[in-house]
Amino acid sequence: MQTLRTPDARFDGLDDFPYPPRYSEVPDGEGGTLRIAWVQDGPETADPILLLHGEPSWSYLYRKMIPVLVGAGHRVVCPDLVGFGRSDKPTRREDHSYARHVEWMRALAFDVLDLQNVTLVGQDWGGLIGLRLAAEHPERFARIVVANTGLPNGEQPMAEVWWRFREAITTVPKLDVGAFVQSGCRRGLSAQARAAYDAPFPDDQYCAGPRAMPGLVPTAPEDPAAPANKAAWAALSASSTPMLVAFSDSDPITGPMAAIFQREMLGAQGIDHPVIREAGHFLQEDAGEELAGHIVEFLRR
């Protein structure tokens with residue numbers, strides 16, 4: 001597997017993201033290794049909150065939430081998915097598969113970091129990957145927070161806006177990641193924030209991950225990932241692991257999933273689920289401090 005590694009200088013000057021990256025290698029599935037980056041803050045002895053980002057962002061997305069969670073005494077672990085952020089970037093779209101992304105995060109979280117008693121926070125692909133981990137390794141997880149995400153198995157129709165996004169991000173000649181993130185927010189991004197989202201991708205050679213991910217979402221029952229997602233949904237539906245459903249009010253892509261999680265997940269019953277107002281798909285950008293506050297309250301309960 002051929003990979004690229006974004007030069008460190010691309011991440012200089014991130015004044016609002018002061019967390020030094022940490023790195024570990026995991027098997028790439030082809031006999032080699034991939035370097036995965038993550039940031040961490042909070043007491044080493046505290047139970048971990050695993051923050052998983054989605055497409056096409058990176059751990060920078062959680063910068064408004066980390067101080068709130070750490071301030072409440074929690075330990076935060078926030079990785080960059082393979083192909084994103086400071087993590088290694090396979091150069092071919094076909095190097096990316098749903099199963100591989102689940103395995104790469106599993107290897108980091110459990111084989112390398114040995115995380116136990118985890119609270120998962122998953123948004124977008126962070127939920128698609130994280131919910132698989134929670135379903136397949138329930139002994140590792142104490143709580144789950146789903147935020148603007150889902151677990152598609154190919155039997156549900158995808159929103160028209162998602163199909164337009166998939167077409168755009170897979171075919172546009174020059175990928176402007178900062179613009180895509182901005183389009184998923186209700187509030188404006190600063191010039192520094194847009195530059196931070198662009199930073200992992202110096203040119204299109206680095207963009208196989210963002211371009212590949214929409215095509216990995218199961219949109220038909222015969223999709224390779226559909227059976228595993230269906231099994232994961234069944235396992236999570238019957239699980240008593242507490243689940244907080246914290247969706248925004250303005251996400252046309254995943255918004256309908258909030259009611260489904262609340263209705264069908266055993267662990268979501270009897271919990272007061274918040275709605276994050278005036279926030280789009282990237283609710284961590286629009287209302288990160290508010291979302292983190294709801295998570296803190298969830299953990300206190």
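Begin with the open sheet of seven strands, whose order is 2-3-5-4-7-8-9 and whose pairing is mixed. Strands here are DSSP runs (E, at least two residues), and helices likewise (H or I, at least four), numbered from the N terminus; two strands pair if DSSP finds at least two bridges between them. Next, select residues 22–27 and 243–245: strand 2 and strand 9 stand at the edges with a single partner strand each, so one side of each has no neighbour in the sheet. On average, neighbouring strands of this sheet are turned by 25 degrees against each other, direction ignored, the axes being lines fitted to C-alpha atoms.

The model is predicted: local features need pLDDT of at least 70 and side-chain atom pairs pLDDT 80 or more, while totals for chains, interfaces and linings use all residues. Residues are numbered from 1 along each chain as its sequence is written, and side-chain values use heavy atoms, without hydrogens and water.

Within the sheet, select residues 33–41 and 75–79, strand 3 and strand 5, which pair in the antiparallel sense over four bridges. Trp38 has Pro79 of strand 5 as its bridge partner.

Now move to Asn148, in the loop between strand 8 (141–146) and helix 4 (160–171). Asn148 counts as buried because its relative accessibility is 0% (buried means under 20% relative accessible area with a 1.4 Å probe, protein chains only). Display the side chain of Asn148: a polar atom there lies 3.0 Å from the backbone nitrogen of Ser248, and the side chain also reaches the backbone oxygen of His281 at 2.9 Å. Finally, beyond neighbours within four places in sequence, Asn148 is in contact (heavy atoms within 4.5 Å) with residues including Gln123, Asp124, Asp251 and Leu283.

Methods:
Buried means under 20% relative accessible area, exposed over 50%, partly exposed in between (1.4 Å probe, protein chains only). A polar contact is a pair of N or O atoms within 3.5 Å; within protein, one must be able to donate a hydrogen and the other to accept it, and residues adjacent in sequence count only if both atoms are side-chain atoms. Axes are lines fitted to C-alpha atoms, for helices over the stretch in contact, and angles run from 0 to 180 degrees between N-to-C directions.
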